[in-house]
Amino acid sequence: MGRPLLNRRLAEFGTTIFAEMSALAQRTGAINLGQGFPDTDGPEEIREAAVRALRDGRGNQYPPGPGVPELRQAVADHQRRFHGLTYDPDTEVLVTAGATEAIAATLLALLEPGDEVIALEPYYDSYAAGVAMAGGRRVPVTLRPHEGRFRLDLDELRAAVTPRTRLILLNTPHNPTGTVLTRDELAAIAELACERDLLVVTDEVYEHLVFDGEHLPLAGFGDRFPGLRDRVVTISSAGKTFSYTGWKVGWVTAAPALVSAVRSAKQYLTYVSAGPFQYAVAEALALPDAYFTDLRADLRHKRDILAEGLRTAGFEVYQPAGTYFITTDVAPLGEKDAYDFCRALPERCGVVAVPNSVFYDNPDAARTHVRFAFCKRAEVLTEAATRLRTAFAR
């Protein structure tokens with residue numbers, strides 16, 4: 001057949017780096033710090049809530065298209081409890097098959113072919129695919145290392161906006177750099193969106209995993225910037241907060257017109273999903289404050305275990321303010337290419353990581369940057385740190 005089977009919009013997307021590195025971990029028996037999933041389950045009472053829903057026959061058939069009422073109410077209550085945001089669970093909350101579907105459905109719903117989408121680079125790989133599937137054109141604004149962390153250049157962001165710009169796609173806390181956008185940065189983005197008539201899609205799946213600073217939803221700036229509420233689509237999910245990534249329960253909160261638009265696309269993707277798990281996540285969102293506080297403290301401790309091990313081994317470490325991930329630079333080790341480094345690492349010391357260059361339009365911007373996940377048991381991280389020090393420390 002002379003014509004390519006894969007359409008041109010997706011021609012650049014093959015097997016993800018996560019699949020490649022996870023397969024490498026399995027083949028070599030290495031510690032997998034490449035992919036962001038925990039190696040333990042979340043709260044037992046939430047797992048039991050899912051079992052109870054299954055046994056009671058709740059969600060075993062198609063749940064309502066927007067999501068079960070209990071979860072939509074729980075999402076609305078969560079937004080009010082933690083962020084002071086008010087959403088109508090009937091018209092302003094939509095349940096999705098994880099945040100990945102929420103992002104894809106939002107882009108498919110809101111973009112016309114040729115629309116430009118500004119995204120903070122490096123970015124989670126599904127962003128690029130989602131923009132491509134919608135026929136949009138991605139415009140990266142690069143976060144760059146500064147004083148041990150990655151920072152956003154607001155002047156560069158403003159300069160990236162053109163008459164063809166339709167929306168800004170934000171991720172804070174940011175994967176893979178761990179950056180948490182500040183109050184001033186978010187206010188500047190809100191002002192820019194209102195001034196230039198832009199939509200903003202915010203991926204906030206790591207909202208409860210902030211170790212330094214605070215998470216502030218962009219939607220919370222509506223009091224300062226009239227009309228902002230009608231421009232912002234907020235996306236989050238249960239996977240990272242409750243350590244049940246396989247359940248794939250996410251949600252969208254936005255003004256009714258935006259939710260209606262996203263639902264129009266979402267209904268032709270999965271239509272519905274995760275019926276019994278939706279009831280369990282509704283209970284999870286109502287867990288006491290101590291759960292969320294303890295989760296942050298536990299992950300902060302794990303971050304520090306791995307970060308110290310990496311520094312001792314000779315890596316340059318960019319301290320993450322949030323998320324599951326630490327970005328490092330392997331240039332101080334004499335390495336020239338992160339991809340080659342990551343492919344050799346399992347055999348070299350029994351650890352798997354991923355090269356950050358795969359998250360960039362311009363891979364040369366991160367040629368020697370490597371991402372490690374620290375959402376693993378403390379003893380696993382301690383062993384990984386020992387292996388890294390043994391292999392690289394001079």
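**Notes on the predicted model**

1. Let's start at an exposed spot. Glu-147 has a relative accessibility of 72%, so this residue counts as exposed, the cut-off being over 50%. Its phi is positive, near 55°, although Glu-147 is not a glycine. You will find Glu-147 in the loop that links β5 (144-146) to β6 (149-151). Please keep in mind that this is a predicted model.

2. Is Ala-274 buried or exposed? Its relative accessibility is 18%, and because the cut-off for buried is under 20%, Ala-274 counts as buried. Ala-274 sits in the loop between α9 (256-266) and α10.

3. Eight of the ten residues of α10 are buried, which leaves the helix mostly covered. The buried ones are Gly-275, Pro-276, Gln-278, Tyr-279, Ala-280, Val-281, Ala-282 and Ala-284. Which elements cover them? The cover includes the helices α2 (44-55), α3 (69-83), α8 (239-242) and α11 (289-313), together with the strands β2 (93-96) and β10 (250-253).

4. Six of the six residues in β9 (residues 232-237) are buried, so the strand is largely enclosed by the rest of the structure. In a regular strand, side chains alternate between the two faces of the sheet. In β9, Val-232, Thr-234 and Ser-236 point one way, while Val-233, Ile-235 and Ser-237 point the other way; all of them are buried.

5. Now for the neighbours of β9. Strands in a sheet pair through backbone hydrogen bonds, in either a parallel or an antiparallel sense. With β8 (residues 199-203), β9 pairs in the parallel sense over four bridges, and Val-201 stands opposite Val-233. With β10, β9 pairs in the antiparallel sense, again over four bridges; here Thr-234 faces Thr-253 of β10.

6. There is also an open sheet of four strands, in the order β11-β12-β15-β14, with antiparallel pairing. Its edge strands are β11 (316-318) and β14 (354-355), each of which pairs on one side only. Within this sheet, β12 (residues 325-329) and β15 (residues 369-373) run antiparallel and are joined by five bridges. Thr-327 has Arg-371 in β15 as its bridge partner.

7. Two cis peptide bonds are worth checking on screen. One runs from Glu-121 to Pro-122, with omega near 5°, and Pro-122 lies in the loop between β3 (116-121) and α5 (125-133). Another joins Asn-175 and Pro-176, with omega about 20°; Pro-176 belongs to the loop between β7 (165-171) and α7 (183-196).

8. Finally, the overall picture. The protein has 13 helices and 15 strands. Its radius of gyration is 21 Å, close to the 21 Å that the globule rule gives for 394 residues, so the protein is as compact as a globular protein of that length. The C-alpha trace spans about 60 × 55 × 55 Å along its principal axes. Of the 394 residues, 58% are buried. Among contacts between residues at least 6 apart in sequence, 75% join residues at least 24 apart.

9. The accessible surface is about 16400 Å², with 49% of it belonging to carbon and sulfur atoms. The protein carries 43 positive and 51 negative side chains, and the centres of these two sets lie 3 Å apart.

Note on methods: Residues are numbered from 1 along each chain as its sequence is written. This is a predicted model: local features need pLDDT of at least 70, side-chain atom pairs count only at pLDDT 80 or more; totals for chains, interfaces and linings use all residues. Side-chain values use heavy atoms; hydrogens and water are left out. Buried means under 20% relative accessible area, exposed over 50%, partly exposed in between (1.4 Å probe, protein chains only). Helices (H or I, at least four residues) and strands (E, at least two) are DSSP runs, numbered from the N terminus. Contact means heavy atoms within 4.5 Å. Two strands pair if DSSP finds at least two bridges between them. The radius of gyration is taken over C-alpha atoms; the globule rule is 2.2 Å times the number of residues to the power 0.38. Accessible areas come from the Shrake-Rupley method with a 1.4 Å probe; for residues, only the protein chains shown count as cover. Lys and Arg count as positive and Asp and Glu as negative; His and the chain ends are not counted. The place of a charge is taken as NZ of Lys, CZ of Arg, CG of Asp or CD of Glu.
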